[in-house]
Amino acid sequence: MHIGSALSIGLLGLKAFTIQVQAFISPGLPYFSIIGLPDTSLSEARERVKSACTSCGFAWPDTRVTVNLSPASLPKRGSVHDLAIAAAVLEAAHAIEPDATVDTLAIGELNLDGTVLPVNGVLPILMHAHAQGIRRAFVPCQNVDEARLVDGIDVIPVRHLGEFMELCGGEATWNLDGQVRLETSGIAQDVTAAPPRELDMSQVIGQEETKWALEVAAAGGHHVLMIGPPGTGKTMLASRLPSILPPLSEGEQLEVAQIRSLCGTLAAHGITPVPPFEAPHHTASVASLTGGGSGIAMPGAITRAHDGVLFLDEAPEFSPRALQSLREPLETGMVSLSRAKGTTLYPARFQLVMAANPCPCGHGWGRATNCTCRPQERMRYWNRLSGPILDRIDIQVDVPPITSVADAARQPSEPSSAIRARVEAARGAARERFAKQGWGCNAAASGEWLRNHTPPAAREAVEKALASEALSLRGADRALRLAWTLADLAGKTVPDADDTAAGIMLRTRLRQ
C-alpha cells in the first residue's frame, strides 16, 4: 500500500489556499472516490482522470482508489485540480517517481484523451504559491505566459498527461494529433502586451464644461452623474474617462490582472496600466453587478471595474434593487457575497459614472416642446435614483445638446494626455497631503479631516447650504472633497471660498 500526494491550490474568490491531494490505492471492489468537499465539476474529475490515465497506457488499478483533498473543511471547485489528482494516483501506483511532485504545484484540466486544457485563475494561484515558498509548477501550456508573470517560480508547461508522466520519471504512450497542436498554438497569447487604446477626449466635439467636470472627477476620484438628452455624447465622454485617469501602479495592475485571470479574460486585456472600464446593460441583474453563481460566487461587474470605471448608461432604467446594491461597495470598496458554501469578499473600489435622460422620452430639455411625458412619469423615472444613491454622487452635471457643429468644432479640444498630466499633478498633491493617513485621493478623505483642515472662510458656504437643507451632512463632506480637488487642480495648498462654492455647484446641478 502506498499513498501518493501532489499539491494544488484552490480559490475562494481571490483568496487562495493550498490543497494537499492524497491518493490511496487499497484492496476492495473497483471504485474511485474523491472526498474533501468537491463540487459537481470536481467530482466529475473521476471520469476525466481515469480516462486520461488510461489513454497514456497506464493500467488503472482494478481495486479501490480514494482521493482526499485537504483541508477537508474548505469547499473545492472546478477542474483546475485534475492534473494534481492524476499525479497523486500515478504516484500511488508507482507510475512516476515518488519525489517528482515534492514541493511542486500541478494545475490543469484533463481531457478524456489526456490533453491538458487551460484553466482560469492561474495568476492568483501562482502568486499564492510563491508566497507559500513553492518554486516549481506544472501548468497548461496555454497558461504559460500568464504563469511566468510571477517571478521566482520554475514554470513547466505541459500539453498532455503523458508528457507530464515522462517529466516525472515515468513511461507513457501519448501523442498530439494535428488538430490539438493547432488549437494549442492558437490559444497561447502574450498577456504582457497591452491592447491598443484609441479613445481620446479630443475626439469629443464641444462639451467643454462636461470635460472639465470629468477632469475634476478624475483628479479627485469622484463619482459623476451626467444628465442630458439622447445624442449629446454622454456615453462617448464616459468611455474616455479612463484615458485621463492616472495609469495604474504595478500593484494595481497585478490586482486587476488577478480579477481578469479569475474571470478568464486576462488574455483578451493583457497586463496594462489603463484602468478597466465596465458598462453593464441597464437590464443587468443584481447578481451580474455584484457577483453570483452557485456554490462560491464569481465576480460581477463592480469587481471587474475595480481600480477603474463602472459606467451605468440609462441609470434610471436599472432596477431599484440593482442600484441599491451599489451602496455598500461605494462606501467600503468591497463587496461581500454570501452563498450556501461560504462568504466571498471581492474588491470593488471603482469610480461610478452614471448617465440619464432628463425624462423617459428623452426630450424634456430646455422648453421641452417635444416631450410627451406626464409629470407623474417624470417623477417615477427620477425616483428610481433614490436619495441615498444620489447623495453618494459627488458631481452632477448637465450635458446640453450641441446646437452648432461648426461652432463646437472651432473650440480647442485638448487631447487626453494634456488633461491626464493635470490630473496626475493633482493626485500627486493629494497623495503628499494624505501621506500619513494613507489616502490616495480626495474622495477617500474622511469628513472629520476635511472639516478640521478647511479654512473657516471656505466652510461658510457649506454651513449655509446645510442650514437651508440644500445639502445633507454627507453631501457637505463631498462638497468639501470637491473643493480640495479644485484647489489641487489650481495649484493651491488649501481651498478658498470660490472652490467651495464651485464644489457645491457641482453637487447640486441635478434637474428636478
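I looked up the largest cavity and found about 40 Å³ of space in it. I note that the model is predicted. I searched for cavities of 30 Å³ or more, and the structure holds one.

Next I listed the lining of the largest cavity. I found Leu248, Gln253, Val256, Ala257 and Arg260 there, along with Gly270, Ile271, Thr272 and Val274. I then sorted the lining by class: five residues are nonpolar, three are polar and one is charged.

I turned to glutamate 250. I placed it in helix H10, which runs over residues 250–263. Is glutamate 250 buried or exposed? I read a relative accessible area of 67% for glutamate 250. The cut-off for exposed is over 50%, so glutamate 250 counts as exposed. I also checked glutamate 250 against alanine 429. The two are 179 residues apart in sequence. From C-alpha to C-alpha, I get 20 Å between them in space.

My last entry is histidine 81. I located it in the loop between strand S4 (64–70) and helix H3 (82–92).

Which side chain makes a polar contact with the side chain of histidine 81? I found that of serine 8, at 2.6 Å. I then looked for contacts of histidine 81, leaving aside its neighbours within four places in sequence. Ser8, Ile9 and Gly10 came up, as did Ile19, Leu42, Lys76 and Gly108.

Technical notes
Residues numbered from 1 in each chain as written. Predicted model: local features only at pLDDT ≥ 70, side-chain atom pairs only at ≥ 80, totals over all residues. Heavy atoms only, no water. Helix = DSSP H or I, 4+ residues; strand = E, 2+ residues; numbered from the N terminus. Buried < 20%, exposed > 50% of the residue type's maximum accessible area, 1.4 Å probe, protein only. 1 Å grid on protein atoms, 1.4 Å probe; cavity = no way out; pocket = protein on both sides within 12 Å on 5 of 7 lines; lining within 4 Å. Points joined across faces, edges and corners; volume = space filled by probe spheres on them. Nonpolar A, V, L, I, M, F, W, Y, C, P; charged D, E, K, R; others polar. Polar contact = N/O pair within 3.5 Å; in protein donor to acceptor, adjacent residues only side chain to side chain. Contact = heavy atoms within 4.5 Å.
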